[in-house]
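This report describes how the chains of one structure meet, for a reader who has not seen it before. Please look at the sequence and the structure first.

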Number of protein chains: 4
Amino acid sequence: MNNSERRKLLYDIIFGTDTKFGKLFDVILISLILASYLLLMAGSVKAIETKYNQIIIAFEWAFTIIFTVEYLTRIYCSPRPLKYITSFYGIVDLIATMPLYIALLFPSAHYLLIIRLVRVLRIFRILRLNNYLKDSNILLSSINNSKRKILVFFLAMLIFVIVLGTLIYIVEGPKNGFNNLFISVYWAIVTMTTVGYGDLVPHTVLGKGIAAFTMLLGYCTLVVTTGIVSAQFISDAKNRTSSNNIKCPNCGQVDHNEQAIFCFNCGAELPSLKK
Amino acid sequence: MNNSERRKLLYDIIFGTDTKFGKLFDVILISLILASYLLLMAGSVKAIETKYNQIIIAFEWAFTIIFTVEYLTRIYCSPRPLKYITSFYGIVDLIATMPLYIALLFPSAHYLLIIRLVRVLRIFRILRLNNYLKDSNILLSSINNSKRKILVFFLAMLIFVIVLGTLIYIVEGPKNGFNNLFISVYWAIVTMTTVGYGDLVPHTVLGKGIAAFTMLLGYCTLVVTTGIVSAQFISDAKNRTSSNNIKCPNCGQVDHNEQAIFCFNCGAELPSLKK
Amino acid sequence: MNNSERRKLLYDIIFGTDTKFGKLFDVILISLILASYLLLMAGSVKAIETKYNQIIIAFEWAFTIIFTVEYLTRIYCSPRPLKYITSFYGIVDLIATMPLYIALLFPSAHYLLIIRLVRVLRIFRILRLNNYLKDSNILLSSINNSKRKILVFFLAMLIFVIVLGTLIYIVEGPKNGFNNLFISVYWAIVTMTTVGYGDLVPHTVLGKGIAAFTMLLGYCTLVVTTGIVSAQFISDAKNRTSSNNIKCPNCGQVDHNEQAIFCFNCGAELPSLKK
Amino acid sequence: MNNSERRKLLYDIIFGTDTKFGKLFDVILISLILASYLLLMAGSVKAIETKYNQIIIAFEWAFTIIFTVEYLTRIYCSPRPLKYITSFYGIVDLIATMPLYIALLFPSAHYLLIIRLVRVLRIFRILRLNNYLKDSNILLSSINNSKRKILVFFLAMLIFVIVLGTLIYIVEGPKNGFNNLFISVYWAIVTMTTVGYGDLVPHTVLGKGIAAFTMLLGYCTLVVTTGIVSAQFISDAKNRTSSNNIKCPNCGQVDHNEQAIFCFNCGAELPSLKK
């Protein structure tokens, strides 16, 4: 096997998803990425970190070396290396190798390791890519279609959060924990989204009244926004699947199936749809 | 440029949204309003307020003077000043200039500054106004259409909140923090909207039973109300898109089917829709 | 005015909702009921109760006497007193007068006053009754139609709540506040409905894992149940408004408007629908 | 009554749901299962356990013996005992008898008693089984149809939870209770699902910003996922009711319109649907 053949083979394995080895490679890669995140998680536990410090560092370097080798191989076997390097995945791949090198200089850079998770997006390549992308696109297009309605609501919600946050600050004030307007607006968000941590609660009667109003507003916003988005999704789904708009030349029947060749009402042949 | 021309130009810039300068003016204005709110937020933080007290006061006066000048200019260049002054935006604009003047007499009037946020509604003028208003109207009309159903549920919810609040007060009582009926009804709202602060929780077995029931009720209300609103939005969307807006020239019947050729009421031929 | 006329007049005022006085009477009655609840609320606040004890008691007796007089008048002017007394509203009206009399013997019976709130249901009589009842009926029928699907989910949820409550009890145990199975199942309900008081939280890693699973399950259940109910409401709304199922005898066109007399496709007269 | 007849009778009672005794048997069985769980609950309360220890143990053994006898009878009267033993219900029934026997060796095995709850699934046999199973199947098939869309969202949510958990860990760190990455990811789940226990809350300004973003993200995810699932349910419901289930006798085409007379694929006349 000469050099060119080797590069072609490596390319099929590393970039391809159709061959058995191509798929296997992606599965292994994603497992390694997840394993490297689990290692990061484990390393964040004080007790584990103290006890297995050496092992964790060793593994982290192992992962870093593997990803570095992988990155260099990708450049090596890519037919147009520069295009790969400057592509979205190319940049993510590069950044994914770097945290530990940077951490030699700045220890906290360590957590840049989570950038590696972005690489998990490759998972869509193993699964039947097109279908997933199609579904994502449908979702995004539906969200896009209802974007104006959502924006109107979002703006209303933003103004409400600011106004209610300011009101609670005036009513409750620093003596009840509402130290400043930032914290008060944060409280309004916590309440409107029905999260309700309870780290900051109103103590006065008027404050409780404002809180009750905020909750009901959040509840209503949830209901109305869900209604808007549902209606949009349904109307979009209908438009995609609806009939072919052909009218039977014999009896005038409409609402024919998309694949219809003959009229379901009179049996006459329908004009074909060329587009 | 004479006086009248200057007023016309100022009018186009300040009130208009079509010209480049008109848009720019609105963008600057909204930025100033938001900046003035951010200043208010910053000023509410003790540490910042102590250190930069002078600067904050200076900026607040700067904003107030800018908004005052803007308000006066609006009156000056408006073709019908009185109509502007008594319009909704005119009153909001006036109030937006006043907090600091009033605060000279009553310091707490300071927070009236949030009224300025109402002016942010002008943002709809920069964006394609009509589309947004149309979407708002569709929303409001849908909400209006389902208002009776919502009212039935809302009344039911109100009665439930009062009854469950009273029950928890009887069961738990002041010794567990449920000091009075106001606080108990407040607890019922916190629980039914699934916010759940946790500042007030039942301690007895029976109280926990009532709480569990309240939660499940809130959960069900959320599901059912969302269903009602979604159904209403979808049915409204369908009605808007399904009829062809043609009026029968013979009998005046509307609401014809999209493919209709003859009026379903009198059988007369409908004018064809070419577009 | 003789006795019989007086009774007729009183009947129209008290039971009727069509005349001006009949409406006014109902509005006053509901105001009195709400005022009597507000009095109960105020009386539950320690500070108010201590200070205005006498006044509160006086008012409570006043309300009781008013409602007693009203109840006796209802019996007096009712054409069939026995039918009224044994009707749903008759029983509610009677119970609404009694709390204070019973409280002479058992002080805690005082809170039976909330039963008066049930009388607020009369509000539907003032508003356009039929429309509201129709909407309620549509709601109830839709809920009824999806009852099997909801029951399947509800049973699943119940089993999940019990199983997850038991699991958290085994994992966390009394040392972390999960004292018994009742409290653990209560915790599971608090978590699944996304209320999340936070009075009882898992402390072990495994417990947090179970909690995370419970939350995601509650989140999914909310999404799916809302979807089921929305779909049911929409399909019901469609069935109510859908076409008349008549097929044009001339061209075979279907999907005619409910009021259609002529076919919208060929203009032929449709067979009339007698039912 | 000979041996074979007795087995037949027992089989009808124990396995059957059509006869009066068969139904009664299932009702009693489910009551016993629930009673055995209530006993487990009661036994978990310290005060009750201390006082009635003997009675609880006696009852638990009584339940165990009843279920053991029932299991043996099922084997005895089953026409094909081996098939029953290896069936799903057979295995569940066996496990349901065992906890107490195992607990003689390992006391904590005691809680395996909750496995008995799985037997409650038999409840579907008493109710009109087929309808419920059909509804379950429709649900499952709808969920199945929207599985790709849900998976896309779920993956996105997973990545968000991990990234936001890591961010909050970096920003807040162990000094504010975010001791490790496991706990931080757990916090992100608690916040995104809008549960919001409040046992772990951000204390820094940046942390609160991340929390606010997490809440809004969770809120949006809820809205969008509900919209997706609703749209799927509605489109599925429509598909089920719109086609007439007739298969073209000429070309085998299905999915014909409800009013179809001719096959839209080959133009052949469809058999008419008389019912």
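## Chain D against chain A

In this predicted model, 54 residues of chain D are in contact with 51 residues of chain A. About 4,700 Å² is buried between chain D and chain A, and carbon and sulfur atoms account for 74% of that area. The interface of chain D and chain A has zero salt bridges, but six residue pairs are in polar contact there, both residues of each pair being at pLDDT 80 or more.

Which helices of chain D each supply at least two residues of the side that touches chain A? They are helix 9 (147-172), helix 10 and helix 11 of chain D. Helix 11 of chain D provides the largest share of this side, 16 residues. Sorted by class, the side of chain D that touches chain A consists of 35 nonpolar, 14 polar and five charged residues.

## Chain D against chain C

Chain D also meets chain C: 42 residues of chain D are in contact with 45 residues of chain C. The area buried between chain D and chain C is about 4,000 Å², with 76% of it given by carbon and sulfur atoms. How many salt bridges are found across the interface of chain D and chain C? The count is zero. Polar contacts between chain D and chain C link six residue pairs, with both residues at pLDDT 80 or more.

On the side of chain D that touches chain C, two or more residues come from each of helix 2 (20-44), helix 7 (123-126), helix 8 (129-145), helix 10 (181-192) and helix 11 (205-242) of chain D. Helix 11 of chain D gives the most to this side, with 10 residues. The residues of the side of chain D that touches chain C comprise 27 nonpolar, 12 polar and three charged.

Helix 10 (residues 181-192) of chain A packs against helix 2 (residues 20-44) of chain B, with their axes 7 Å apart and at an angle of about 110°. Angles of 65 to 115 degrees count as roughly perpendicular, so helix 10 of chain A and helix 2 of chain B are roughly perpendicular to each other.

From helix 10 of chain A, the contact is made by L181(A), F182(A) and V185(A). Helix 2 of chain B contributes Y37(B), L40(B), M41(B), A42(B) and S44(B). By class, the residues of this contact of helix 10 of chain A with helix 2 of chain B are seven nonpolar, one polar and no charged.

## Salt bridges

Over all chains, the structure holds 12 salt bridges. One salt bridge joins the side chains of K8(A) and D12(A), at 3.0 Å from N to O. Side chains of opposite charge can pair when their charged atoms come close. K8(A) and D12(A) are separated by about one helical turn, because they lie four residues apart in helix 1 (residues 3-15) of chain A.

How values were computed: Residues numbered from 1 in each chain as written. Chains lettered and ligands numbered in written order. Predicted model: local features only at pLDDT ≥ 70, side-chain atom pairs only at ≥ 80, totals over all residues. Heavy atoms only, no water. Contact = heavy atoms within 4.5 Å. Buried area = accessible area lost by both parts, 1.4 Å probe. Salt bridge = Lys/Arg side-chain N within 4 Å of Asp/Glu carboxyl O. Polar contact = N/O pair within 3.5 Å; in protein donor to acceptor, adjacent residues only side chain to side chain. Nonpolar A, V, L, I, M, F, W, Y, C, P; charged D, E, K, R; others polar. Axes fitted to C-alpha atoms, helices over the stretch in contact; angles between N-to-C directions. Parallel < 35°, antiparallel > 145°, perpendicular 65-115°, else oblique.
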